[in-house]
Amino acid sequence: MQELLPAEQAVFNKLKKSIEDVYRHHGFMNIETPIIDRTEILFSKAGGDTEKQIYKVIKTDESADDADQALRFDHTVPLARYVVQHENDLTFPFHVTQIGRNFRGERAQKGRFREFYQCDVDIIGRGELPVAYDAKVIAAVYEALKTFDLPEMQIRISNRKILTNFIEILGLSDKATAIFNIIDHAEKIPPEQTTQALYDLGIPEDNVVKITTFINTHGTPDDVEASLQSIIDDIDNFQEGLSELRTVYELLKQSGLGRQATIDFMIVRGLDYYNSTVVEIFLPEYRAIGSIAGGGRYDNLANNFTDQKLPGVGVSIGLTRLFYILNQHELLRTNSEKPIDVAIIPITDNEHTFALDLANKLRTKDKSVDVVLTDKKLGDKLTYASHIAKNAIIIGENEVNSGTIEIKDLETGTTSPLVI
């Protein structure tokens, strides 16, 4: 679990608020779903490694097998339940954002936490949802990530329909889940390990070559279509997925993200519910840290809860992991951040009432204020203030009598008249 010191927490909160603001400006409405949900709901769409990482919630007199509740591992599965439950009260396409904690029992390692914040945006349709919304969600998340003042980002998109059709044509549908998992991890290991993993599934050499060629395909829509044609003679079965990919790519270009967007068949996403567009956003200069956001389209996520077709698309920023990684690489300025705007320092007890009244006035101006009420010397009070606050106001007899107050910038040492 991640814990932050106050200065770091202030930066974290500021970034989270900025992401919330971007999502709101893009028309997404905020909701919260419970952290605890029924196991039958969460396990219905987890799949793969995620299913092994879910925390079950049990009573003291229960065994794990008896648990009928668990901690959510993401926002998307609870969202599907939420939309079905409240369908008659929602307006579609439903633009929604959720920002909160999720839980996964991942293997302990730096930058991977078992409790973590995710900042999601999703759009849910009723009956249908045009593929143009996929690009809309991606563009919103890209703008939210700009909050971090990051180096140039790369948007890598793919389409699960193309991969699924590719596996079917090779006659390997019975091994599809295992192949998806191998491709999803391919970028994290040497190429020869990926090749060996495919051989270990009993896949013939010619098909292994085709799969490895496929997952190294990237570029523009024309580039990937030509590459696909070189692997498979007849690509008619891929037209639906290729058309969707081209639409998303072209719309991102129209949004001013043409230089950042590329099609990349190595992008799969590990969760089982994605069935069309998938996307991950990377920092090319820091490729080793992996994706900083990801998601995709899930046309059938709600089919466990309703016969109504409720297709959706969503992308998530893993804020906790991203904050940790950027902090480790010194891409965040945490040391200069102070959690308090103003520390008010009354010199003696006689100035306490004036100082408390001034604090209340500043709070009405949306300032965070601490009044220092210790009996220490003025120098000690200023030292305390310099650790927690951006500015300080000293209140003595002269300030009380004249009503003239100066505020000191504790970073630069400059003073200026306080205007309320």
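**Exercise 1. Determine which residues bring helix 6 and helix 9 together, and describe the packing of the two helices.**

Solution. Step 1: on the side of helix 6, Ile162, Leu163 and Phe166 are in contact with Lys210, Ile211 and Phe214 of helix 9; contact means heavy atoms within 4.5 Å. Helices (H or I, at least four residues) and strands (E, at least two) are DSSP runs numbered from the N terminus. The model is predicted: local features need pLDDT of at least 70, side-chain atom pairs count only at pLDDT 80 or more, and totals for chains, interfaces and linings use all residues. Residues are numbered from 1 along each chain as its sequence is written, and side-chain values use heavy atoms, with hydrogens and water left out.

Step 1: Ala, Val, Leu, Ile, Met, Phe, Trp, Tyr, Cys and Pro count as nonpolar, Asp, Glu, Lys and Arg as charged, and the others, Gly among them, as polar.

Step 2: helix 6 (residues 160–169) and helix 9 (residues 205–215) pack at about 170°, and their axes are 11 Å apart. Axes are lines fitted to C-alpha atoms, for helices over the stretch in contact, and angles run from 0 to 180 degrees between N-to-C directions.

Step 3: the two helices, helix 6 and helix 9, are therefore roughly antiparallel (angles under 35 degrees count as roughly parallel, over 145 as roughly antiparallel, 65 to 115 as roughly perpendicular and the rest as oblique).

**Exercise 2. Characterise the packing of helix 1 against helix 5.**

Solution. Step 1: an angle of about 150° and an axis separation of 9 Å describe helix 1 (residues 6–25) and helix 5 (residues 132–145).

Step 1: the crossing of helix 1 past helix 5 is right-handed. A crossing is left-handed if the near helix is turned anticlockwise from the far one by less than a right angle, and right-handed if clockwise.

Step 2: helix 1 contributes Ile19, Val22 and Tyr23 to the contact, while helix 5 contributes Ala140, Val141, Glu143 and Ala144. By class, these are 6 nonpolar, no polar and 1 charged.

**Exercise 3. Relate the second largest cavity to the contact of helix 10 with helix 11.**

Solution. On a 1 Å grid over the protein atoms alone, a cavity is a set of points where a 1.4 Å probe fits but cannot get out, and lining residues have an atom within 4 Å of a point. Grid points are joined across faces, edges and corners, and a volume is the space filled by probe spheres set on the points.

Step 1: its lining consists of Pro221, Val224, Glu225, Leu242, Leu245, Arg246 and Ile263. Helix 10 (221–231) and helix 11 (239–257) are the elements that each give two or more residues to this lining.

Step 2: the axes of helix 10 and helix 11 come within 10 Å and cross at roughly 160°, which makes helix 10 roughly antiparallel to helix 11.

Step 3: Pro221, Asp222, Glu225 and Leu228 in helix 10 touch Gln239, Leu242, Arg246 and Tyr249 in helix 11. The contact divides into 4 nonpolar, 1 polar and 3 charged residues.

**Exercise 4. Describe the largest cavity and its lining.**

Solution. Step 1: the whole structure holds 2 cavities of 30 Å³ or more, and the largest has about 40 Å³ of space.

Step 1: Thr76, Leu79, Ala80, Val83, Ile124, Tyr298, Leu301, Ala302 and Leu310 line the largest cavity. Helix 4 (residues 76–85) gives the most to this lining, with 4 residues.

Step 2: the lining comprises 8 nonpolar, 1 polar and no charged residues.

Conventions: On a 1 Å grid over the protein atoms alone, a cavity is a set of points where a 1.4 Å probe fits but cannot get out, and a pocket is an open set with protein on both sides within 12 Å along at least five of seven lines; lining residues have an atom within 4 Å of a point.
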